[in-house]
Amino acid sequence: MKQDCREGMNNLIKQGYSKYFDFIELDPPYNIGKDKWDKFKSHEEYLEFIKEVMELSNQLLSNNGTLFLWHNDINIIFDFMNVCKNTNDLKLVQMITWNKHFKYNVNGELNKQYEFLNGYIQVSQNRSYMLMCEYIMYFIKEENKKNPFSTIIKQKMKELHLKQKDVANLQLSKNGNCTGWVSNKIKGEQLPTPRQWMLMCNLFNIPNEYDKLRYTYNSNKNTDRHSVWQYPMSKETKHKTEKPLQLYYDMFEVHTKKDSKCLFPFVGSGNNIISLLELNKYDDGERKYIGYETDDKWFDLINKRIEDSI
Ligand SMILES: C[S@@+](CC[C@H](N)C(=O)[O-])C[C@H]1O[C@@H](n2cnc3c(N)ncnc32)[C@H](O)[C@@H]1O
């Protein structure tokens, strides 16, 4: 929608959509003068803006929902984390670093700027190293603390008089001994992978509803993933702050379900929406989204890209 996201989000709340969204991605202006939309009158005004957006997001995010918030300036991040403290029930899980592979341009050639700056300390920016990354604050809502998998396991073990060893027998070590893999799942400290859950469903003779139970996090997609994300900078459009399509695709694959409702208050180039639609095509998903963008040029381009993608 072509609208200030704060107005749009307030309308959603008025229309009864509180706690409706499973996934929110906030890539707001950073107030570092990147473009005409990236300037605020003062630092305080900017912090108030972020605070307002975070509060609205908090109201719209479902229990167990996931929220990602982007920024690239660590001092500004500390300031707005401080301002937002105690105003919402979002829990910061991790700060993820996106390594932008800034050394080379998209054609694989050494970036001129890199050549020039390499080895220099930027005195004007507090003697900092050259910034090669952006940060993504990963938040979850944690109102429902009970792990649904462990609740089912505990109940079934009781009903069927099974011991931990019986369940652990499902996945023996190479030499045929129990591995103890199950104890953290029973305690609820870990989510089982889809394969482990399938074994349990067979043992307990229950339907496999992995996708329904798994919050928004998919542990099966966790192989080889860690808190430094490696994606070259993206140039799908001429948007100055666009994020890579593949980054979005992987983010949605791990953190959304096939029927997730997603909110993108700052759509920008539309790479987020395009990746979501691609993932829907790939896994027959029905993920839905609402997005906001105030700039005419980007709004028109997003609509065109969506039309082309369908
Ligand atoms: C940091 S960029 C988002 C870039 C996006 N993640 C991408 O990959 O292209 C922020 C975008 O939000 C838009 N914007 C700024 N203030 C807004 C507001 N209050 N409501 C909605 N959109 C806004 C800007 O026009 C800009 O395109």
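Predicted model: local features only at pLDDT ≥ 70, side-chain atom pairs only at ≥ 80, totals over all residues.
**Entry 1, domains.** I began with the domain assignment of the protein chain, which gives domain 1 (5–144 + 220–309) and domain 2 (148–215). I then looked up the separation of their centres, taken over C-alpha atoms, and noted 35 Å. For the contact between them, I found 4 residues of domain 1 against 4 residues of domain 2. On the side of domain 1 that touches domain 2, I recorded 2 polar and 2 charged residues and no nonpolar ones.

**Entry 2, sheet.** I next traced an open sheet of 7 strands, with mixed pairing and the order S5-S3-S4-S2-S1-S6-S7. I asked which strands stand at the edges. They are strand S5 (228–230) and strand S7 (288–291); each has a single partner strand, so one side of each is left without a neighbour in the sheet. For the twist from one strand to the next, I noted an average of 20 degrees.

**Entry 3, the pairing of S3 and S5.** I looked up how strand S3 (residues 90–99) pairs with S5 and found the parallel sense, over 3 bridges. I also noted that tryptophan 98 stands opposite tryptophan 229 in S5.

Methods. Residues numbered from 1 in each chain as written. Pairing = 2+ DSSP bridges. Helix = DSSP H or I, 4+ residues; strand = E, 2+ residues; numbered from the N terminus. Axes fitted to C-alpha atoms, helices over the stretch in contact; angles between N-to-C directions. Domains from an automatic or database assignment. Contact = placed C-beta atoms within 7 Å. Nonpolar A, V, L, I, M, F, W, Y, C, P; charged D, E, K, R; others polar.
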